[in-house]
Amino acid sequence: MESTIAAISTAYGESGIGIVRMSGPMSLNILTKIFVSAKGVQIIKPRYMHYGYIEDPQNGTRLDEVLAVYMKAPHTYTGEDVVEIQCHGSYISLKEILALCLRSGAEPAGRGEFTKRAFLNGRMDLSQAEAVIDLIKARSSRSFDAALGQMGGNLSSKVRAVRDKLKELLIDITVNMDYPDEDIEEITYDQILNRLSLINDEINNLLVSAGEGKIIREGLSVAIVGKPNVGKSSLMNVFLKENRSIVTDIPGTTRDTIEEQASLRGIRICFTDTAGIHETDDPVESLGIERSKQAFDKADLILLLIDSSTPLEEEDKELLKMINDRSAIIVLNKQDLHTVTDENMLETAPNLKVIKTSLAEGKGVEELEDAIEMFVTGGQIRRENDVLVTNVRHASLLRKAKEEVEQAENMTAIHEALDFIEVNIRAAFDYLGEITGDTASDEIINEIFARFCLGK
Ligand code: GDP
């Protein structure tokens, strides 16, 4: 028999309420042993909130005043009997109630085990289960929305639709291969090619969103670089809307890199404000510079600040060279002062975006935010129901599936034997099945025979 698991399901700390949750066949039995109704009537009806106390049946010690609910299988989160005990959000209360559940026959739940059981019991597929974790960990509104959509099955249904098309194709090919004498329509190479090409397009449509999806889920890492005194700290402060890094007039005071998290248009951004990347003899400063270079290397996007009120210096030119083959936005700051350097003097790659700002007057910030958002979304405007592939595992499986489909296309084009083509289509089908957690082989065989009349 399946074990019954128990765990504290709310965060540790002080809070109004906390929840101990159990899942498994003994949940109700355990609740009945440890719960005493305030009304004195001890009938626990499913899906009703019951007010009372948790008491240790061994010695009658009262642990806390609680609300308890029992949800009967199979229409529960895990697909099993589930009990939730809402007690006061004190760690002591939660810990003692959990210990009592464990003494009464439950086992401590492993990490993510409630959701794992939900998956194993078919309450959700693998990608939906993964979305639950993303939902809990979401740090920005966009990553939350993406996880919510995925949990609702928007990715699963798209993947299933593509997978079904691969399955249909597999069946048709297999039938042609195995039963050439049967009275069935022959499949042509052109038909296979057409169908593969449509499938490839659909996988591609999903993959297109993967770059944006990864950033939405994990956040965008942005390095703010520029020589001393151009306004790097000021820019960071604008984004953070508070004075976290010190703004001064003395060049080189941002000695270290400072990392800060901010939310920009619902996207989580990790900003690194760096000391100017320039050679120096000062040991403290040079340490900061070393770190700047590291931050520079690992950033998804670089914001290079240039002071438009002074002529370009060697250091600006050096930095301009360094960003030429990187994703970067150039910020021409101090536009409120007399302009000495304008964009025509920059001599950078023509596709690099240049934004003019006066951070002192708060001008150009909106445009800069537009440019950063544009970098993340690639200018794509997403509608509510659009699928965003946020998970690296899913993206990599989609890529593998795509490779297999392309292999199959190449082989179909040169009229290779059907059994070779079938191998790649089957591999693509299996890769997609790994996203949803489905298993494949028996399914296909059964379907093939289901297409035949038995009497024929
Ligand atoms: P950092 O060394 O690159 O981090 O530069 P800071 O952000 O510390 O700014 C250096 C100085 O330039 C400070 O006195 C800021 O107030 C000033 N500053 C920043 N942005 C502007 C701007 O747009 N216009 C003017 N006039 N001064 C600015």
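Predicted model: local features only at pLDDT ≥ 70, side-chain atom pairs only at ≥ 80, totals over all residues.
Biologist: Where is P74 found?

Modeller: P74 is found in the loop between β5 (62-71) and β6 (82-89). Residues are numbered from 1 along each chain as its sequence is written, and side-chain values use heavy atoms, leaving out hydrogens and water.

Biologist: Is the peptide bond from A73 to P74 cis or trans, and how do you know?

Modeller: It's cis, and you can tell from omega, which is near 5 degrees. Most peptide bonds are trans, and most residues other than glycine have a negative phi.

Biologist: What is the phi of K334?

Modeller: K334 isn't a glycine, yet its phi is positive, about 65 degrees. You'll find K334 in the loop between β12 (328-333) and β13 (353-356). H415 isn't a glycine either, and its phi is positive too, near 55 degrees. H415 sits in the loop between α13 and α14 (418-436).

Biologist: Why is K334 called partly exposed?

Modeller: Its relative accessible area is 22%. Buried means under 20%, exposed means over 50%, and partly exposed is what lies in between (1.4 Å probe, protein chains only). K334 therefore lands in the middle class.

Biologist: What makes helix α9 mostly covered?

Modeller: Seven of the nine residues in α9 (232-240) are buried. Among them are L235, M236 and F239.

Biologist: How many aromatic pairs does the structure hold?

Modeller: Three. One of them is Y51 with Y53, at 6.3 Å centre to centre and 50 degrees between the planes. Rings of Phe, Tyr and Trp (its six-membered ring) pair if their centres lie within 6.5 Å; planes under 30 degrees apart count as stacked, over 60 as edge-to-face and the rest as tilted. So Y51 and Y53 pair up, and the pair is tilted. Y51 is partly exposed at 41% relative accessible area, while Y53 counts as buried at 18%.

Biologist: Why is the pair of F239 and F271 called stacked?

Modeller: The ring centres are 4.5 Å apart and the planes are at 10 degrees, so the pair passes as stacked. It also links distant parts of the chain: F239 is in helix α9 and F271 is in strand β10 (267-273), 32 residues apart. F239 and F271 are both buried.

Biologist: How do you know that the charged end of R62 sits over the ring of Y53?

Modeller: That charged end is 3.5 Å from the ring centre. The rule asks for NZ of Lys or CZ of Arg within 6 Å of the ring centre and within 35 degrees of the ring normal. R21 sits over the ring of F114 as well, 4.3 Å from its centre.

Biologist: What makes D56 and R103 a salt bridge?

Modeller: Their N to O distance is 3.1 Å. D56 lies in the loop between β4 (49-55) and β5, and R103 in helix α2 (91-103), so the pair ties together parts 47 residues apart in sequence. A salt bridge needs a side-chain nitrogen of Lys or Arg within 4 Å of a carboxyl oxygen of Asp or Glu, so this pair qualifies. D56 is buried at 8%, whereas R103 is exposed at 55%. The whole structure has 27 salt bridges.

Biologist: Which residues are linked in a network of salt bridges?

Modeller: R142, R265, E366, E369, D370 and E373 are. Within it, E373 and R265 meet at 2.9 Å, N to O.

Biologist: What makes E404 lack a salt bridge?

Modeller: The nearest side chain of opposite charge, K400, is 8.8 Å away. Charge here means Lys and Arg positive, Asp and Glu negative, with His and the chain ends not counted. E404 is buried and lies in helix α13 (392-413).

Note on methods
Helix = DSSP H or I, 4+ residues; strand = E, 2+ residues; numbered from the N terminus.
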